[in-house]
Amino acid sequence: MAALPSLCNSPPPMESQGKKGADPRPPSNFTDLISTLPLEEGWAPLRIRKYQGFWIPERVLQGIMDMQQNFKARPDDLFVLSYPKSGTTWLKALTYAIMTRTQYPLDHHPLLRQNPHEFVPIMGITYAKGEASELEAMSSPRILNTHLPYSLLPHAIKSLGCKLIYVCRDPKDVLVSRFHYNNRMRPQAMEPIPFTKAFEMFCEGNCPYGPIWEHVLEYWEESQRRPEKVLFLKYEEMLGDPPRIVKRLAEFMGCPFSPEEEKEGVVEEIIKLCSFDKMKSLEVNKTGKLRPDFVLTNDSFFRKGGAGDWRNHMSPEMARKLDRITEQKFEGSGLTLDAVDVEAAATNGDVQAQA
Ligand code: PAP
């Protein structure tokens, strides 16, 4: 296999990085400020607070404020960004597999033994745990993740011109995914959130990291201004043409596939390794947990996959209402969510994530 450019040569396998345990540096104390921010409790057990225009889960807010002030970006950092439940886990797996493809044979890849979130840490949670030193201990180039909107990213990420990859998804499927994920967080004694209530909160923008439309638009606009630094992807496009997206990702990351790699089927191997069915079938993703104190097991990241599950949850009126909000919010931006393609495919059954 041909030698790869630098970004792909020295991967950061998290399994061997940093030491576990608390960061000796105490997190900054922002609790007074946090208690004054507007609170939404409808997504219990999550509590979300409105901070700089977006609803951020209270449990990570202090970590996020700490991160905004103290995160030390490196010019070769790569960021995987998304509104939650938009395809983050898949994008993490793909970027990590692309970056490390010469270090590990794809049939013995670490992604077969560990969940993608272990290789691409969620920065806000790491800071909230007081473990920022783990990020500092990672070797370059790092792949890092946050659900923060563009306007709330630590300034250094922008001023250093780090590369950003954003994935968005049809808001209707995002809501359905969030609804199930949130209900799984609830202790058994708690009634599930009724879907109609989740729908209302989502439409109001009162949803973790919401409003979704402003979140998506901020990255969309930045990708139009700086296409060489900000890659904007759609989950439905990833489902529709994985080879094109995987090649596009590798080019953007600075490690395109060589003609030999393409001939050897490396692109297809990566797609297969990171596919929904493969990931869901792995023992670590059936029973494993990201951390012992995390409420959910890894299987909660692999529910159904694909596009169009909103049809099983929403009336046509609800779907039209949500689509209308999306159209109004995106009007004039040049962004569409390819609702037509998804519609067409969905008439033949849901668009399923590829095996
Ligand atoms: P996160 O924000 O908690 O990290 P995220 O990975 O963004 O979640 O989104 C989860 C969704 O991606 C789930 O959708 P669903 O609830 O509609 O099923 C999950 O099934 C889907 N997903 C996870 N991995 C893959 C994959 N490899 N291919 C396609 N979809 C995937």
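Let me start with one side chain: the charged end of Arg169 sits over the ring of Tyr235, 4.2 Å from the ring's centre. A charge counts as sitting over a ring if NZ of Lys or CZ of Arg is within 6 Å of the ring centre and within 35 degrees of the ring normal. Lys85 does this too, lying over the face of Tyr181 at 3.4 Å from the ring centre.

Before going on, a word on the model. It is predicted, so to speak of a local feature we need pLDDT of at least 70, and side-chain atom pairs count only at pLDDT 80 or more, while totals for chains, interfaces and linings use all residues. Residues are numbered from 1 along each chain as its sequence is written, and side-chain values use heavy atoms, with hydrogens and water left out.

Now the overall picture. The protein chain has 18 helices and seven strands. The chain has 355 residues, and 57% of them count as buried. Buried means under 20% relative accessible area, exposed means over 50%, and partly exposed is in between, using a 1.4 Å probe and protein chains only. As for contacts, which means heavy atoms within 4.5 Å, take those in the protein chain between residues at least 6 apart in sequence: 76% of them join residues at least 24 apart.

Next, the aromatic rings. Rings of Phe, Tyr and Trp (for Trp, its six-membered ring) pair if their centres lie within 6.5 Å; planes under 30 degrees apart are stacked, over 60 edge-to-face, and the rest tilted. How many aromatic pairs does this rule give? The count comes to eleven. One of them is Tyr96 with Phe119, a stacked pair, 4.3 Å centre to centre with 15° between the planes. That pair links distant parts of the chain, since Tyr96 is in helix α3 (residues 88-99) and Phe119 in helix α4 (residues 116-119), 23 residues apart. Are these two residues buried or exposed? Tyr96 and Phe119 are both buried. Elsewhere, ring pairs link Tyr150, Tyr166, Tyr219, Trp220 and Phe232 into a cluster.

Now a pair of helices. Two packed helices are described by the angle between their axes and the distance between the axes. Helix α10 (residues 212-225) packs against helix α17 (residues 316-330) at an angle of about 40°, and the axes are 10 Å apart. The axes here are lines fitted to C-alpha atoms, over the stretch in contact for helices, and angles run from 0 to 180 degrees between N-to-C directions. Which residues make the contact? From α10 they are Trp213, Glu214, Val216 and Leu217, and from α17 they are Leu322, Ile325, Thr326, Lys329 and Phe330. These residues divide into six nonpolar, one polar and two charged. In that sorting, Ala, Val, Leu, Ile, Met, Phe, Trp, Tyr, Cys and Pro are nonpolar, Asp, Glu, Lys and Arg are charged, and the others, Gly among them, are polar.

Two single residues next. Asn183 is in helix α8 (residues 171-185), and because its relative accessible area is 17%, Asn183 counts as buried. Leaving aside neighbours within four places in sequence, Asn183 touches Pro192 and Ile193. Asn183 and Ile193 are ten residues apart in sequence, and 6.5 Å apart from C-alpha to C-alpha.

Lys278 is in helix α15 (residues 276-281). With 35% relative accessibility, Lys278 counts as partly exposed. Beyond its neighbours within four places, Lys278 is in contact with Leu112, Lys272 and Leu273. Leu112 is 166 residues away along the chain, yet the C-alpha atoms of Lys278 and Leu112 are separated by 8.8 Å.

Last, the backbone. The peptide bond from Ser140 to Pro141 is cis, with omega near 0°, and Pro141 lies in the loop between α6 (132-137) and β5 (143-146). Another cis bond joins Gly210 and Pro211, with omega about 5°. Pro211 is in the loop between α9 (195-204) and α10. Tyr209 lies in the loop between α9 and α10 as well, and Tyr209 has a positive phi of about 70° although it is not a glycine. Why is Tyr209 called buried? Because its relative accessibility is 9%.

Definitions and conventions: Helices (H or I, at least four residues) and strands (E, at least two) are DSSP runs, numbered from the N terminus.
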